[in-house]
Amino acid sequence: MEKPLISIIIPVYKVEKYLEKCIKSVLSQTYKNLQIILVDDGSPDNCGNICDDYARVDNRIEVIHKANGGLSDARNVGLKAARGEYIGFVDSDDYVESNYIEVLYYYYQKYNTVPICGFVYHDEYNHEKPVKYSWSGDEGLVSLGEAFRLKSELYLTALWNKLFDRRLIVEKNIRFDTNVSVGEDLRFSVDYFIKNNIDKICVLPEPLYHYMKLTDNSLMSSFVDDLDREKDSLNLIRNLAIKYNKNADAEYEKALEQVKTSMIYLIMRDKKFSNKEKFIRIKKINYKFTLIMFVKEKILIIKELLRR
């Protein structure tokens, strides 16, 4: 008996150096019944030609060329073209293990809900060693009441470590918000979970996805705006968790403080800001932050450097 068709949506834009590795990793899947949708989002480089070349070699690949509309728009175009029983997403500068789809499909069948796998984070920009992110507990069902824990372990936010039921997407008319450029993955997932009354997901520790950081996108140009966006994301998670977790409000406050602490950490270590600029930015995040606290943070950074 043939396994069901699974559609993999890959938006493509300005990644010609990395695109072939991504496509090859999807073509090499042990799960063979795939519809691979490459959405060329008006890429100005050679990506469009690369997509067409691979489509001529493997008929599982379908290429859509369109005017540039952004990531969310490209994914929506891919959703419209998808015919599979299940849908997965891969970013075109990343790559996946050969059993990525096979394992996600297996766990969807086993638990009849969205499976979420671990991943490997490759910081190519800073030439850091790869870091594995795996679920701290055992494989199995986890209540979405634990949404804040899922977020803290980086299992909730991304799309590319999950497999979705296309029927549920179509029936509930779930789409990506093209007016949102940050946090669109989380919004899609939360929309999917809430509209379909999903209370549990399946987590598995295997790191099957390889996420590539290729540019300096970790330091934010406007920390205040990003704090507002983080609050929006945390509110989405609270809305997801509150139905199943009476402590969701308290967990929201705790998560918000953690976000502020992380932002302050990044600002303090960002070399492009003067001490005065750093202090002003931190005050906008935490109005209680004092010059004495600033000096203490500077001392911690010096000690950290001396230990290296």
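Helix H7 buries Glu184, Asp185, Leu186, Phe188, Ser189, Val190, Tyr192 and Phe193 (buried: under 20% relative accessible area, 1.4 Å probe, protein chains only). The model is predicted, with local features needing pLDDT of at least 70 and side-chain atom pairs pLDDT 80 or more, while totals for chains, interfaces and linings use all residues. Residues are numbered from 1 along each chain, and side-chain values use heavy atoms, without hydrogens and water.

H7 reaches 16 Å from its first C-alpha to its last, close to the 16 Å expected (1.5 Å times one less than its number of residues). Just after H7, Asn197 has a positive phi of about 50 degrees. Helices (H or I, at least four residues) and strands (E, at least two) are DSSP runs, numbered from the N terminus.

| H2 | 47-57 |

An open, mixed sheet has 5 strands in the order S3-S2-S1-S4-S9 (pairing: at least two DSSP bridges). Its edges are S3 (61-66) and S9 (164-165). S1 and S4 pair in the parallel sense over 4 bridges, and Ser7 has Ile87 in S4 as its bridge partner. Helix H2 packs on the sheet, touching S1, S2 and S3 (contact: heavy atoms within 4.5 Å).

Notes: Axes fitted to C-alpha atoms, helices over the stretch in contact; angles between N-to-C directions. Buried < 20%, exposed > 50% of the residue type's maximum accessible area, 1.4 Å probe, protein only.
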